[in-house]
Amino acid sequence: MPKELWKGNEAIAEAAVRAGLQAYFGYPITPQTEILEYLSRRMPELGRAFVQAESELGAINMVYGAACTGARVMSTSSSPGVSLMMEGLSYIAGTEVPAVLVNVMRGGPGLGNIAPAQSDYNQAVHGGGHGDYPRIVLAPSSVQEAIDLMGLSFDLAEKYRMICMVILDGSIGQMMEPAEMPEMKPITERKFDWNTDGAINRERRILSSIYIDPPAEEVANFRLAKRWQEVQANEVRYKEYFLDDAEFVIVGFGTAGRVALSAVRAARAEGIKVGLLRPITVSPYPYEVIDQLAGRVSAFLVTEMNMGQMFDDVRLAVRGRVPVEFYGRTGGVVPFPDEILAEIHRIAAGQWSVDRDPRDSWQTRMASVIER
Amino acid sequence: MQKEILIAGFGGQGVLFAGQVLAYAAMDSGKIVTWIPSYGPEMRGGTANCTVVVADEEIGSPLVKNPPAVIALNLPSFDKYEDLVQPGGVLIVNQSMVDRTAKRTDITTIFVPGNEVAEETGDRRLLNMVMVGALLAAYPILSLDEAKAALKAHLPAKHQKLIPNNYAAMDKGYAHAKAQMEKVAA
């Protein structure tokens, strides 16, 4: 198919349709409303289900119900709306049904603002709903990658009977880039050994997240954990830039990752041997590649649009072997490449945080910016 | 190679569409491009801007602090972005909406009476195309023909009748900028 100029949010909606989305449930919230708006026209046109629910709670529980039938289902929201969905998300995870949820993140906490941010990383990757449950989280950094990952998200959710979240920020949602859409996948009857699609001529199935008997719940939790081991072994994705001879490595995902790419190119032009690792799956996290890099590079710099959340995952993989520095912008502020270039200069000059959490020294460095 | 063009003005002046024409032209000429609007709770009459990044490799940052080329359609945009244009860069100013001359001497500032030129062409709403024409004269990251072809290729059928006027507006903006550049050079 030829490339067309697609707006991020609309591209996500169309990519979901082409991946076989059968039912969409959502509630409007900026900066992702274009997804819902686009699907409100597109889904009925194709004879598929579109429901604007009464709230995010309604939407996620409709997703839960529809997912139990084995249909390809999705909801989309933005930070405060996703927080409202957390109970339903945990139920979906506990019931082991596949569902896709897109979070176009905004500045927070609280009502915050509608500007681009990555501050829901921990909620998506480490927390969110209650209970022990794993979830897959994909983080695109461009419109084309968002399209590609939407297709993948449905496949992964279905393969592992797991929630697959796609997290991005409003800048990717609002930007336009040339992109190629995949072919339209035909809607096929979805037959699994678990879905509740009418028990004619077969034994009745029950889908639930209730395990009144604690040992049974423990068995269920171990089943989820075992499935997660498979995901960790098979589904880690990331992109490397200039890592072959790198002495310093930046780690950044989504928009922060692509801003870092500009800084890395500028530093390379000055002869500084710096590379970039951009995680595409932030859950499962590319611990192994960072572990290997930690054995041969001098230092890491983590850049995020939050107060340093993924930073903990990088440190976990590095295990104290080399310094891991942090630079972030938060609250809806997007860093410019020259800010990250200045950090590369600092690190290349060996000015590392010693005896302090690197996030504390970062806060000290930010004082002149914040106290304006 | 990665080059950025920032277009700023009031909402309703055609800021976003001007950027889209450049983005389509870049895409059709085989380049990699990102178009990104400033988005916020703005309404018509508020400020609007967008950035178009054109590159021949994967685009890094969609935003840039010091763009090499800026189109300022009103005084607040002129005031804000004159300081931010990269040294050696280009600033195209809508002279119809500003009441001062350029402060900086290390960039090329071109004044085009965009509102008047657009009205001469028959429609004041053509301001954005006048300014795109002027930009491409001073900052030929794409040719004027590529921009025209993109407009024709991507304008919906019901708007195709507007093409001749849009072309005329681009041509006039281009000619204005060329004439000024020659005057400076002479």
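Predicted model: local features only at pLDDT ≥ 70, side-chain atom pairs only at ≥ 80, totals over all residues.
## Fold of chain A

Chain A contains 14 helices and 14 strands, and its C-alpha trace extends over about 70 × 50 × 40 Å along the principal axes. The radius of gyration of chain A is 21 Å, which agrees with the value near 21 Å that a compact globule of 372 residues would have.

Of the 372 residues in chain A, 51% are buried.

## Contact between chains A and B

The contact draws on 20 residues from chain A and 16 residues from chain B. On the side of chain B that touches chain A, the elements giving two or more residues are helix 1 (15–28) and strand 2 (32–37) of chain B, and strand 2 of chain B supplies the largest share, with 5 residues. Sorted by class, this side of chain B has 11 nonpolar, 4 polar and 1 charged residues.

## The setting of A:Q351

A:Q351 is found in the loop that lies between helix 13 (337–348) and helix 14 (358–370) of chain A.

A:E325 is 26 residues away from A:Q351 along the chain, and the C-alpha atoms of the two residues are separated by 9.9 Å.

Terms used. Residues numbered from 1 in each chain as written. Chains lettered and ligands numbered in written order. Helix = DSSP H or I, 4+ residues; strand = E, 2+ residues; numbered from the N terminus. Rg over C-alpha atoms; globule rule 2.2 N^0.38 Å. Buried ≥ 20, exposed ≤ 12 C-beta atoms within 10 Å, placed from the backbone. Contact = placed C-beta atoms within 7 Å. Nonpolar A, V, L, I, M, F, W, Y, C, P; charged D, E, K, R; others polar.
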